[in-house]
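Have the viewer open and the selection tool ready. This tour goes stop by stop, telling you what to pick and what you will find there.

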Amino acid sequence: MAIEISKIITDWVPSQSKVIDFGCGNGSLLKDLIDTKNICGYGVEIDHQMIAECIKKGISVIEKDIDEGIQDFESSSFDIAIMASSIQCLKNPNITMRRMLKLSNKCIVTLPNFGYWKCRLALLAGKMPVTASLASTWYETENLHLCTISDFEKLCSDSDFMIDERIFLNSSSKKGLLASIMPNLFASEGVYLLGKE
Amino acid sequence: MKVKTELVHFEKGIELASGSKLSMFDLMVETYGELDEEKSNGILVCHAFSGNHHAAGVSENNDTPGWWDQLIGPSKAIDTDKYFVVCCNNLGGCSGSTGPTSINPQTNESYGKDFPLVSVIDWVNSQKMLAEYLGIDKWKLVAGGSLGGMQALQWAISFPDSLEKSGIFAAAARSSTQNIAMNEVAREAIRRDMNFHDGDYLKYDVKPKGGLKTARMLGHITYLSEKHMDLKFGRKFQDNSSKVDGDVDFEVENYLKYKGEKFSNSFDANSYILMTKAMDGYDTASNFSGNLEKALACIKARLLIIGFETDWLYPPKRGKEIQLAAMNVSVPCSYVTLDGEQGHDSFLFASARYENIIKAFIKS
């Protein structure tokens with residue numbers, strides 16, 4: 001995960017909160033949050049190598065896919081649920097997001113923007129885009145539900161997910177002026193803090 | 001690897017959860033590796049229902065490798081070059097620790113069927129006394145599979161400050177109805193053996209070996225997976241030359257009979273009943289009005305729970321229940337499912353991922 005995204009997320013997570021990170025990778029974000037914010041954190045991950053790395057770091061990690069995890073943890077409660085760069089890989093992102101907000105007070109979601117100008121150019125040239133935030137070819141990608149920043153915000157408004165904070169990043173994962181003025185065209189990635197209606 | 005076997009005597013005895021008391025008792029203990037000066041590198045491994053203190057290596061009295069030899073040893077997952085590994089035969093067992101075949105100091109006869117009911121909590125309490133004897137205030141890790149995993153879990157609850165980590169493999173917070181049912185069929189096979197004499201067989205100088213053999217054969221089926229049995233035996237017929245008896249047709253029959261026979265020569269029937277009763281009776285939440293979360297809330301150790309895909313005795317979902325309850329009360333806890341082809345017995349066998357995860361957990 002880019003340092004900038006990790007920093008944004010760390011800023012949004014309150015000290016000593018209980019956090020679940022769906023698709024936690026090697027656990028580095030949770031490790032940062034434990035070190036800097038003294039959180040109680042759990043990660044959900046499916047990749048064997050990543051799980052071993054989490055355990056090595058002393059991170060609590062649960063081997064499950066995200067959909068299974070969210071369903072199984074229905075009765076649990078967290079202050080913050082994080083889903084970084086995974087929402088587009090899920091079978092039913094809208095249902096999953098609703099469930100995430102049920103088990104947590106706030107959700108942090110990051111997603112690649114399919115409306116980013118480089119994606120549009122690639123499509124104009126008749127090709128599926130391959131960019132920094134959409135790094136895989138069409139036949140290798142795990143993405144199922146790609147969307148633009150506008151699409152995502154429409155889903156949030158239709159589903160009564162409150163957007164508390166939003167930060168847009170350019171292709172070098174930095175907060176850029178253009179990305180913040182016209183995110184749907186110039187943001188490569190969006191980082192959202194969502195709350196309940 | 002330095003292997004040491006020792007019979008440790010506890011003169012002051014132990015109060016059991018059932019209310020009974022053993023006025024004194026012995027634990028047969030085996031250790032591997034060396035305890036460091038700070039006494040901070042101790043790892044306790046707890047055996048499953050029919051296991052014993054011989055967990056690894058070969059000892060003076062035992063030239064077959066221990067039950068967890070694949071995981072315990074120099075440079076293995078539980079590295080005896082770095083850690084001092086301890087395993088004891090549990091109270092009520094029949095491998096040297098005080099159990100039904102021991103002499104009751106009150107009567108000067110074997111306890112036999114009168115040996116008091118023991119529980120997972122009693123085992124953990126006696127293991128704590130062993131830790132004190134060894135001078136170990138805090139285990140680096142307490143780990144075990146199956147009934148051993150239940151002890152590792154109970155350790156974290158009974159003595160939260162006395163262990164850093166708990167490894168709970170192929171285990172559950174309590175036995176299921178099906179587990180109890182299977183065990184009762186096994187016990188009934190023992191009781192129906194005409195040599196059982198209502199548990200007093202030692203007085204008649206006989207052993208209910210037939211019943212014990214049948215019990216073990218049933219047990220064995222539950223420890224293996226359907227797939228593993230298919231791969232190992234299929235529907236192959238046993239060679240005439242190596243049949244254990246004339247009734248055998250299939251290889252699987254021969255295997256179960258051979259294993260059952262071997263077991264019935266070495267295991268005590270009253271111990272079998274006692275150990276399975278302890279397994280059936282264990283319920284982590286029983287002292288907390290059935291609420292597992294409340295039972296786990298006091299835990300300070302980090303937990304690693306491992307389930308095995310092909311285990312139908314304590315399937316992965318039983319481990320996941322512990323993980324969920326632990327997470328809900330903010331106890332640090334990881335959960336992993338391993339492929340393990342050997343069913344419930346998978347926890348005994350090393351695999352690259354199993355070893356890697358245990359190593360990472362101990363190091364963390």
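Start with two helices of chain B, where α3(B) passes α4(B) in a right-handed crossing. To bring them up in this predicted model, select residues 177-191 of chain B for α3 and residues 209-223 of chain B for α4. Their axes lie 7 Å apart and pack at an angle of about 165°. α3(B) and α4(B) are therefore roughly antiparallel to each other, since an angle over 145 degrees counts as such.

Now show side chains at this crossing. On the α3(B) side, pick B:Met182, B:Val185, B:Ala186, B:Ala189, B:Ile190 and B:Arg191. They meet a set in α4(B) made up of B:Gly211, B:Leu212, B:Thr214, B:Ala215, B:Leu218, B:Gly219 and B:Thr222. Colour this contact of α3(B) with α4(B) by class and you get eight nonpolar residues, four polar and one charged.

**Zoom out to the domains of chain B**

Next, colour chain B by domain. Domain 1 takes in 3-174 + 282-363, while domain 2 covers 179-277.

If you draw a box along the principal axes, the C-alpha atoms of chain B fill roughly 55 × 50 × 45 Å.

**Cross to the partner chain**

Keep chain B on screen and select the contact between the chains. Chain A brings 16 residues to this contact, and chain B brings 18 residues. On chain B, highlight α9 (316-328), β14 (333-338) and α10 (352-363), each of which supplies at least two residues of the side that touches chain A. Which of the elements gives the largest share of that side of chain B? α10(B) does, with six residues. Taken by class, the side of chain B that touches chain A has nine nonpolar, seven polar and two charged residues.

From α3(A), show A:His48, A:Ala52, A:Ile55 and A:Lys56. Their counterparts in α10(B) are B:Arg353, B:Asn356, B:Ile357, B:Ala360, B:Phe361 and B:Lys363. This contact of α3(A) with α10(B) holds five nonpolar residues, three charged and two polar.

**Finish inside chain A**

Hide chain B for the last stop. Chain A has nine helices and seven strands. The radius of gyration of chain A is 16 Å, close to the 16 Å that the globule rule gives for 197 residues, so chain A is as compact as a globular protein of that length. Its C-alpha atoms fill a box of roughly 45 × 35 × 30 Å along the principal axes.

Finally, select residues 3-12 of chain A for α1 and residues 28-37 of chain A for α2. The axes of α1(A) and α2(A) come within 10 Å and cross at roughly 45°, which makes α1(A) oblique to α2(A). The crossing of α1(A) and α2(A) is right-handed. Here A:Ser6, A:Ile9 and A:Thr10 in α1(A) meet A:Leu29, A:Asp32, A:Leu33, A:Thr36 and A:Lys37 in α2(A). By class, the contact of α1(A) with α2(A) has three nonpolar, three polar and two charged residues.

Notes: Residues numbered from 1 in each chain as written. Chains lettered and ligands numbered in written order. Predicted model: local features only at pLDDT ≥ 70, side-chain atom pairs only at ≥ 80, totals over all residues. Contact = placed C-beta atoms within 7 Å. Helix = DSSP H or I, 4+ residues; strand = E, 2+ residues; numbered from the N terminus. Nonpolar A, V, L, I, M, F, W, Y, C, P; charged D, E, K, R; others polar. Domains from an automatic or database assignment. Axes fitted to C-alpha atoms, helices over the stretch in contact; angles between N-to-C directions. Parallel < 35°, antiparallel > 145°, perpendicular 65-115°, else oblique. Left-handed = near helix turned anticlockwise from the far one by under 90°. Rg over C-alpha atoms; globule rule 2.2 N^0.38 Å.
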